[in-house]
Amino acid sequence: MTGELALLGGTPVISEPGPHFSWPPLDDGTDRRVLAQLQRSISIYNRSGVIAELETALEDYFGVRHAVLTSSGTAALHSAYVAAGVGPGDEVIVPAYTFLATVTPLLHLGAIPVLADSDDTGNLSVADVAARITPKTVAIMATHLWGIPADIAGLRALADEHNLLLLEDGSHAHGAAVAGRKVGSVGDIAAFSLNGPKPLSAGEGGFVLTNSDEVYYRILMHGHYNKRCKSEIPPSHPLHRYAVTGMGLKFRIHPLAAVISLGQLERLDSYLIGRAEIAGILGEELADVEGLRTPHVTEETLAAWYGYPIIYSVDELGGLPIEKFFEALQAEGLLDVDRPGSTCPLNLLPLFQDPRPLFPHHPYVGQISYRPGQFPVAERLHANTLKLPVWHRERDISLAQKYAAGFRKVVGFHHELKGQA
Ligand SMILES: *Cc1c(COP(=O)(O)O)cnc(C)c1O
């Protein structure tokens with residue numbers, strides 16, 4: 001006899017073919033703007049046209065003095081570290097649990113990434129960061145994982161107490177805020193990705209935010225040589241004489257990507273309101289379901305919900321392995337549930353276990369050798385995360401409810417999967 005679970009021959013909860021979530025939302029308005037830009041100009045060398053429009057819009061949105069668009073989030077992070085003055089032998093405390101690009105630019109600068117563990121939310125543990133500060137520490141980098149703000153006030157206080165720079169990777173968290181203060185406006189420098197699935201998308205792109213003129217000039221020197229450096233860095237400034245060459249790298253965004261993102265930025269707040277509503281529904285529908293823990297955000301927190309991480313508890317479900325539970329969800333038609341792959345504790349990746357073959361000339365490469373087991377909280381969370389997309393429209397509510405129903409069904413019948421593992 002088979003149970004009701006689709007994996008055992010029952011009827012799936014969702015029969016619509018996937019994917020059930022696509023991002024970013026594009027429409028005729030997007031087409032028109034892209035076409036108009038195509039006819040206007042597809043290379044912009046200075047801070048003008050759509051580049052100036054989007055940077056100004058970002059500055060207004062985040063309430064910071066300077067925004068610089070880049071070709072990717074990875075490039076934005078690279079420039080942020082360079083502009084922060086990070087160099088060989090400097091230690092930067094970074095989350096163990098993040099996307100690799102939060103940290104990889106440090107390897108190119110001869111710096112030493114000091115990984116720190118997560119707290120229960122998955123974000124950087126302020127206590128663990130504090131324990132890893134040494135005389136060589138120059139900065140703390142925080143990611144706002146899945147769009148849920150890290151304890152940015154706690155990290156700001158810690159950084160100030162030790163005279164360290166606070167940097168933010170806001171790539172999951174455009175528009176997220178705590179008590180009205182937006183993620184990316186608290187750190188000394190913040191970097192964001194505008195990659196395809198990110199809450200604010202350009203397809204490909206990124207940007208850096210800062211209130212410091214000096215940092216702004218350094219970011220321009222790093223990836224925006226010639227015309228832009230000439231016009232933006234005052235003739236009286238000592239770096240102005242390097243304007244033609246800068247540091248010789250080119251990290252500019254494509255104008256067509258910028259125009260896509262400008263349209264998205266105009267709608268970002270409405271996306272976030274819709275996502276908050278759907279995240280609230282998921283939280284209610286899955287509250288008190290055995291074996292599942294949903295994310296908790298405080299009243300004063302607005303999350304960007306790049307993902308909705310549900311933590312699975314194998315012990316509460318009679319030892320049923322997460323792999324089997326996941327398989328059963330897929331069979332129920334919950335095709336957009338994800339087990340995060342490359343966003344993982346970095347100590348699990350060969351690059352952070354032994355970077356020597358790829359960075360033989362890094363002067364401190366021997367000091368970078370992480371091992372599995374060193375970041376128990378991050379590793380436990382990552383191994384047990386089932387991530388949902390967060391929809392944003394009124395008509396997506398029923399889809400979110402069906403996903404929640406699928407989770408409840410598999411939990412309800414989990415006994416039938418015993419012995420199936
Ligand atoms: C996507 C992402 C990046 C890298 O951004 P790209 O635009 O893909 O280069 C960096 N950090 C985090 C946390 C990300 O999610």
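In this predicted model, 44 residues of domain 1 are in contact with 46 residues of domain 2, where contact means heavy atoms within 4.5 Å. Domain 1 comprises 6-24 + 268-350 + 352-416, and domain 2 comprises 28-263; these bounds come from an automatic or database domain assignment. Taken over C-alpha atoms, the centres of the two domains are separated by 26 Å. Residues are numbered from 1 along each chain as its sequence is written. Local features need pLDDT of at least 70 and side-chain atom pairs count only at pLDDT 80 or more, whereas totals for chains, interfaces and linings use all residues, and side-chain values use heavy atoms, with hydrogens and water left out.

The largest nonpolar core has 66 residues, of which Tyr 81 and Ile 140 touch the most other members. Such a core is a set of buried Ala, Val, Leu, Ile, Met, Phe, Trp, Tyr and Cys residues joined through side-chain atoms within 4.5 Å, and buried means under 20% relative accessible area, with exposed over 50% and partly exposed in between (1.4 Å probe, protein chains only). Because domain 1 and domain 2 both give residues to this core, the core lies between them. Leaving aside residues up to four places away in sequence, Ile 140 touches a set of residues that includes Ile 93, Leu 124, Val 129 and Leu 155. Apart from this core lies another, of 37 residues, among them Ala 303, Trp 305, Tyr 403 and Phe 407.

Ala 279 is placed in helix α9, residues 255-286, where helices (H or I, at least four residues) and strands (E, at least two) are DSSP runs numbered from the N terminus. Ala 279 counts as buried because its relative accessibility is 5%. Ala 279 and Pro 389 are 110 residues apart in sequence, yet 9.5 Å apart in space, C-alpha to C-alpha.

The pockets come next. On a 1 Å grid over the protein atoms alone, a pocket is an open set of points where a 1.4 Å probe fits, with protein on both sides within 12 Å along at least five of seven lines, and its lining residues have an atom within 4 Å of a point. The largest pocket is lined by 24 residues, of which Phe 99, His 172, Asn 195, Lys 198 and Tyr 306 lie nearest its centre. Its lining draws at least three residues from each of domain 1 and domain 2, and the largest share, three residues, comes from α3. The second largest pocket is lined by 16 residues, with Pro 149, Ala 150, Asp 151, Thr 298 and Thr 301 nearest its centre. Both domains give residues to the lining of the second largest pocket, so this pocket lies between them.

Some backbone features remain. The peptide bond from Gly 18 to Pro 19 is cis, with omega near -5°, and a cis peptide bond also joins Trp 23 and Pro 24, with omega about -5°. Trp 146 has a positive phi near 60° and is found in the loop between β5 (137-143) and α6 (152-161); at 5% relative accessibility, Trp 146 counts as buried. Ala 179, in the loop between β7 (177-178) and β8 (181-182), has a positive phi near 50°, and its relative accessibility of 55% means that Ala 179 counts as exposed.
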